[in-house]
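Colleague: I am new to this one. Please show me the structure, then take my questions.

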Amino acid sequence: MTFDADSKMQFVFALRSKGVTDTAVLSAMEKIDRGLFIKGYFAERAYEDMPLPIACGQTISQPSVVGLMTQALQVGPRDKVLEVGTGSGYQAAILSQLARRVYTVDRHRRLVTQARRVFDTLELANITAFTADGSFGLPDQAPFDRILVTAAAEDPPGPLLAQLKIGGIMVVPVGQSDAVQHLIRVIRTETGFDYEEMRPVRFVPLVEGLGKD
Ligand code: SAH
C-alpha cells in the first residue's frame, strides 16, 4: 500500500465521518504518511482507521483518535507543545505541522530511536524526542502552550499541570487502564484548571520509570 491519491481520499473521508473537521488537522494528516510509522506485517493496514501494534508491546493510535485529540488541543503556529508517549512518532509528526516546536518523550529508548529516524527522513526539524518518564514532564523546556498525553493516567499528572502555561490546554486520557477511559481537556486559567470530559477512549497505561529497551 502507498499513500496515493485514492488512499488519501479514503483516509480523510474516514476522519471526517468520525468528527475530525479542523482543516489544518486534516491537511496535516493528509500530508504525513502513517505507513512510514508502522513496520512489518501491519504496515499494509496503515490507512485503516484502527490502532495497530508497534514495538515494545505498544500501539499506534487510531487515526480518528489522533485527529480528534489534535483538534481538541487547538494548536497554533506559535505554540510549544509537549507530547507524552512518542510511540511510533506519528502523533508528534502531525503536531509538528501545526506547532512551532514539539517535544516528545517516551519511556522506551527503542521507540524514540525509531521515531527519530522517521522524523529525519521527513525532515521534521521542529521535533525533539527524548527518552524519559513523561509523567514528570520536561522541566527544562517548561512551560508549554499545549500538552498531549497519549497514554492513560488515573489522574492528570501534577507535574504536567504545573508545566502548562496560563491559557494553555492539555488533553489526556484518564481512567483505569483495564476500564473505559475518557479523554479530558484541561484548560489552565488565571486561578486554576477547568476540566471538560470528552469521549470514551482506550489507551495503553502511563507507566512509571523507563522501559527495559
Ligand atoms: N502517540 C503514539 C502512541 C502512543 S502509545 C503514536 O503516535 O504512535 C503510548 C506510549 O506511551 C507508549 O509508547 C509508551 O511507551 C508510552 N508511555 C507510557 N508511559 C510513559 C511514561 N511514563 N513516560 C513516557 N512515555 C510513556
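The questions below cover the ligand, then single residues and a helix.

Modeller: This is a predicted model: local features need pLDDT of at least 70, side-chain atom pairs count only at pLDDT 80 or more, and totals for chains, interfaces and linings use all residues. Residues are numbered from 1 along each chain as its sequence is written, and side-chain values use heavy atoms, without hydrogens and water.

Colleague: Which residues come nearest to the ligand?

Modeller: A residue is near a molecule if one of its heavy atoms lies within 4 Å of it. There are 27 residues around the ligand. They divide into 10 nonpolar, 13 polar and 4 charged. Coming nearest are Ser88, Asp106, Asp133, Gly134 and Val207.

Colleague: How far is an oxygen atom of the ligand from an N or O atom in the side chain of Asp106?

Modeller: A ligand nitrogen lies 2.9 Å from a polar backbone atom of Gly85. Another distance, from a ligand nitrogen to a backbone N or O atom of Val207, is 2.7 Å. For the ligand oxygen and the side chain of Asp106, the value is 2.6 Å.

Colleague: What share of the ligand's exposed area does the protein bury?

Modeller: Areas come from the Shrake-Rupley method with a 1.4 Å probe. Alone, the ligand exposes 580 Å². The protein buries 99%.

Colleague: Which elements give two or more residues to the shell around the ligand?

Modeller: Helices (H or I, at least four residues) and strands (E, at least two) are DSSP runs, numbered from the N terminus. The elements asked for are β2 (59–60), α4 (90–96) and β4 (101–106).

Colleague: Is His108 buried or exposed?

Modeller: His108 is found in the loop between β4 and α5 (109–121). Its side chain has a polar atom 3.2 Å from the backbone oxygen of Asp213. Buried means under 20% relative accessible area, exposed over 50%, partly exposed in between (1.4 Å probe, protein chains only). At 8%, His108 is therefore buried.

Colleague: How far apart in space are Leu160 and Leu82?

Modeller: Leu160 lies in helix α6 (residues 158–162). Leu160 is buried, with a relative accessible area of 0%. In sequence, Leu160 and Leu82 are 78 residues apart. C-alpha to C-alpha, the distance is 9.4 Å.

Colleague: How many residues of helix α3 are buried?

Modeller: Helix α3 spans residues 63–73 and is mostly covered. Among its buried residues are Pro63, Gly67 and Leu73. Just after α3, Gln74 takes a positive phi of about 50°. The count for α3 is 11 of 11.

Definitions and conventions:
A polar contact is a pair of N or O atoms within 3.5 Å; within protein, one must be able to donate a hydrogen and the other to accept it, and residues adjacent in sequence count only if both atoms are side-chain atoms. Ala, Val, Leu, Ile, Met, Phe, Trp, Tyr, Cys and Pro count as nonpolar, Asp, Glu, Lys and Arg as charged, and the others, Gly among them, as polar.
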